[in-house]
Amino acid sequence: MDDQIIFDSDDIVVHFHKGSSDFLVITFIGIGHEESASTLYFGKPVFQKYDISCIGITTRQRNWYYSPNMHKALEVIWRYSAGYRKTIAIGLSAGAYAAIKYSMVLKTDVTIALAPQLSIDDRETGVIPEWAALCTSSMRGMGIKREDISGDIFILHDRHHKDDRQAAETILSYTLGRSDVVVALVNIPSAGHIVYESLKGSKNLMALIETASSTLPVRERQALLAQQTRAFRRENAVNVYNRIRAGFERHPLLTWQLLASRRFADVRKIDDILNDETVFYRLAAILNNRGYTHQARTLLRAMICYHTTEDFRLYSLKDEPFIEGRPVFLDHRGRTLGYSLKRRQFTSSNIVWMEGDAVPVSSIEYDGIVYPTVSYLGKNFFPEKQEGWISLAATPGNLSVVKQGKCSGIRAEDGTFVSIVGDFVSGWTRECLSYETFSGILL
């Protein structure tokens, strides 16, 4: 049977798909899908594929499903949900809030809430300004209350996300002294707030629903959900990416080992991770600064190879280096310091996609002093600071490379240092601060 809209208003839309299942799934989508409220609901292709009876609730406004029209919609939903053996609600973020908020009204047997908010009313709880700004006067007091919750509620969240953890623990506290409702928390590490991105997939969603709604005791279902989500996340690019983002600055060697592992090679949609070039070039610089020169070099080569051939391998690169025997300088953003002959300025960009005629800045030691150099047609030239531009000379000029801790700075004779402001904007400062330093990596 095709989907039909069983309730439509200026904010709340309710879809219904009558499948062959004897149980009903009720879904609440998160914010950000308001323009497609009349055509899309959470899980639509999955429940159509498996012919599962589903009510999909969407909203045309970012009102967290809290409005007079929602109360009218609940009456319609109640009528359509009658006669099913079991009712399972599932929601994402704002939708997770709604799934829990209306669990008592809808008499849902099981609720799967992915990173629910407790409220966006800043008079009730701590709320980020972006959410608090969406709370109108009519939405005051909208928070999930003790009397709202019913059934078995499984909250999937990243416990390192402070706001989500506090919301989950508050909802858990509502069960004290009650026997009619159970709340079980399932940690999804490194997921951040958008938990579903670490778990998505039609088979994964069906597995979560099957486990959460089974007849096993709640604690056994909780343990199985934790086990399942771990398995889902192992091959999920979003989860791996979040782990890398969260830990590469503190644990660069462990991050490099992850990138070199068979597990990383088996991740699907690896491009979703590697396309954030800044992270990996920054990681190369950090590795180099920590003394892991081999790892830094192989990672930089691997990223160059990836961006030119779409093949990422840390151990199977050809012996010929990209720039044989010459170092390049990575700035504080992980981008390569370059020189544009046309603009006569330093630049900062991805080494593979350097601006126009720009070439990487390298260095050479001469009479005990290290000088920055650039190479054109196989010949070395020495950058020299002039009034308003950088010229090139055949002999060492007024710029030198000086050590600044584990990094290096490029200093002029007047005591100023090269400062990278943006991709095509460079300047000079009197102090060589961390963001004026460069990591020299030998390719």
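At what angle do the axes of helix α7 and helix α8 cross, and within what distance do they come?

## Packing of α7 and α8

In this predicted model, the axes of helix α7 (residues 202-212) and helix α8 (residues 218-234) cross at roughly 170 degrees and come within 9 Å. An angle over 145 degrees counts as roughly antiparallel, and α7 and α8 are therefore roughly antiparallel to each other.

On the α7 side, the contact is made by N204, A207, L208, T211 and A212. The α8 side contributes R221, L224, L225, Q228, T229 and F232. By class, the residues of this contact between α7 and α8 comprise six nonpolar, four polar and one charged.

## Packing of α13 and α14

Helix α13 (residues 277-289) packs against helix α14 (residues 293-309) at an angle of about 160 degrees, and their axes are 7 Å apart. The helices α13 and α14 are therefore roughly antiparallel to each other. The crossing of α13 past α14 is left-handed.

From α13, the residues in contact are E277, F280, Y281, L283, A284, L287 and N288. Their partners on α14 are T293, Q295, A296, L299, L300, M303, I304 and H307. The contact of α13 with α14 divides into ten nonpolar, four polar and one charged residues.

## Cysteines

A disulfide is a covalent bond between the sulfur atoms of two cysteines. The structure holds zero disulfides.

Are C54 and C305 buried or exposed? C54 is buried, with a relative accessible area of 0%. C305 has 19% relative accessibility and also counts as buried, the cut-off for this class being under 20%.

Key:
Residues are numbered from 1 along each chain as its sequence is written. This is a predicted model: local features need pLDDT of at least 70, side-chain atom pairs count only at pLDDT 80 or more; totals for chains, interfaces and linings use all residues. Side-chain values use heavy atoms; hydrogens and water are left out. Axes are lines fitted to C-alpha atoms, for helices over the stretch in contact, and angles run from 0 to 180 degrees between N-to-C directions. Helices (H or I, at least four residues) and strands (E, at least two) are DSSP runs, numbered from the N terminus. Angles under 35 degrees count as roughly parallel, over 145 as roughly antiparallel, 65 to 115 as roughly perpendicular and the rest as oblique. Contact means heavy atoms within 4.5 Å. Ala, Val, Leu, Ile, Met, Phe, Trp, Tyr, Cys and Pro count as nonpolar, Asp, Glu, Lys and Arg as charged, and the others, Gly among them, as polar. A disulfide is a pair of cysteine sulfur atoms within 2.5 Å. Buried means under 20% relative accessible area, exposed over 50%, partly exposed in between (1.4 Å probe, protein chains only). A crossing is left-handed if the near helix is turned anticlockwise from the far one by less than a right angle, and right-handed if clockwise.
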